[in-house]
Amino acid sequence: MPFSPNRPVGQRGRLGAVLFATVAAAYPIVVYLLRDQIPFYLFALGACLLLLLRAVVAPTDITRFLRLPLAIAALVLAVMVLFDAAVAAKAYPAMLSLLIAAVFGNSLRHPPSLIERLARLKDPALSMAGQDYCRSVTWLWTIWLAANAVIAAGLAIWGSIAIWALWTGLLSYIVTAVLFLGEIVLRSKLQRATVGPR
């Protein structure tokens with residue numbers, strides 16, 4: 001199913017996106033700090049609610065594309081609570097990472113790639129080399145997000161809650177930031193090499 005990020009997003013949509021991103025980042029730390037005060041099933045049900053809210057509040061075509069997967073993820077979490085509330089509570093970050101990986105991966109199946117679509121917002125006449133580069137970057141993010149989902153899921157099932165919180169609440173974001181900054185530096189070098197000395 002093709003999708004496009006080009007539809008304008010209002011201020012409320014941006015605020016909602018920032019709010020959900022903040023909650024997703026803080027969630028593992030909150031679970032770790034309050035695990036002795038709040039039952040795990042309440043964390044899991046709260047995560048279900050967050051997924052459903054994200055499915056309803058969808059300001060762009062990207063998040064609209066995720067409506068059904070988000071609803072399914074919420075249902076899976078709700079069922080998991082019946083079997084292992086602790087694992088269900090810790091599954092939220094893995095599911096988010098997997099869903100975002102699906103967005104990137106789907107754009108590879110239905111070109112142009114997501115990174116190319118974003119790049120065309122600044123440069124509609126993107127060169128073939130630029131398109132190839134954007135596709136490679138989209139592959140990179142798809143692989144990283146899928147790998148992060150696997151790691152987060154593994155830690156949710158077999159790791160201690162401290163290691164799980166450390167990875168999902170801090171280390172995975174550091175890796176993401178390094179990849180993001182590294183891509184910016186590489187892109188800048190490639191652009192200078194393409195333009196050449198003046």
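How many salt bridges does the structure hold? The structure holds 1. In this predicted model, the side chains of Arg120 and Glu116 meet in that salt bridge, 2.9 Å from N to O. The two partners sit in unlike surroundings. Arg120 is partly exposed, at 26% relative accessible area. Glu116 has 7% relative accessibility, so Glu116 counts as buried.

Now step back to the fold. The protein has 9 helices and 0 strands. From the N terminus on, its elements run α-α-α-α-α-α-α-α-α. Of its 198 residues, 39% count as buried. Take the contacts between residues at least 6 apart in sequence: 69% of them join residues at least 24 apart. The protein exposes about 11,500 Å². Carbon and sulfur atoms supply 73% of that area.

H6 has 18 residues. From its first C-alpha to its last, H6 reaches 26 Å, close to the 26 Å expected at 1.5 Å a residue. Of the 18 residues of H6, 14 are buried, so the helix is largely enclosed by the rest of the structure.

What follows H6 in the chain? A loop lies between helix H6 (92-109) and helix H7 (114-119), and Pro112 lies in this loop. The peptide bond from Pro111 to Pro112 is cis, with omega near 0°.

Next come the aromatic rings. A pair of aromatic rings is described by the distance of the centres and the angle of the planes. The count comes to 2 aromatic pairs. In one of them, the rings of Tyr27 and Tyr92 have their centres 4.8 Å apart. Their planes stand at 65°, over the 60 degrees that edge-to-face requires, so this pair is edge-to-face. The pair links distant parts of the chain: Tyr27 is in helix H1 (residues 11-34) and Tyr92 is in helix H6, 65 residues apart. Both Tyr27 and Tyr92 are buried.

Trp144 and Trp167 also form an edge-to-face pair, 6.3 Å centre to centre with 70° between the planes. Trp144 lies in helix H8 (residues 128-158) and Trp167 in helix H9 (residues 161-195), so the pair ties together parts that are 23 residues apart in sequence. Trp144 counts as buried at 10% relative accessibility. Trp167 is buried too, with a relative accessible area of 15%.

The charged end of Arg35 sits over the ring of Tyr32, 4.3 Å from the ring centre.

Terms used:
Residues numbered from 1 in each chain as written. Predicted model: local features only at pLDDT ≥ 70, side-chain atom pairs only at ≥ 80, totals over all residues. Heavy atoms only, no water. Salt bridge = Lys/Arg side-chain N within 4 Å of Asp/Glu carboxyl O. Buried < 20%, exposed > 50% of the residue type's maximum accessible area, 1.4 Å probe, protein only. Helix = DSSP H or I, 4+ residues; strand = E, 2+ residues; numbered from the N terminus. Contact = heavy atoms within 4.5 Å. Areas by Shrake-Rupley, 256 points an atom, 1.4 Å probe, with all protein chains shown as cover. Expected span 1.5 Å × (residues − 1). Phe/Tyr/Trp six-rings, centres within 6.5 Å; stacked < 30°, edge-to-face > 60°. Lys NZ or Arg CZ within 6 Å of the ring centre and 35° of its normal.
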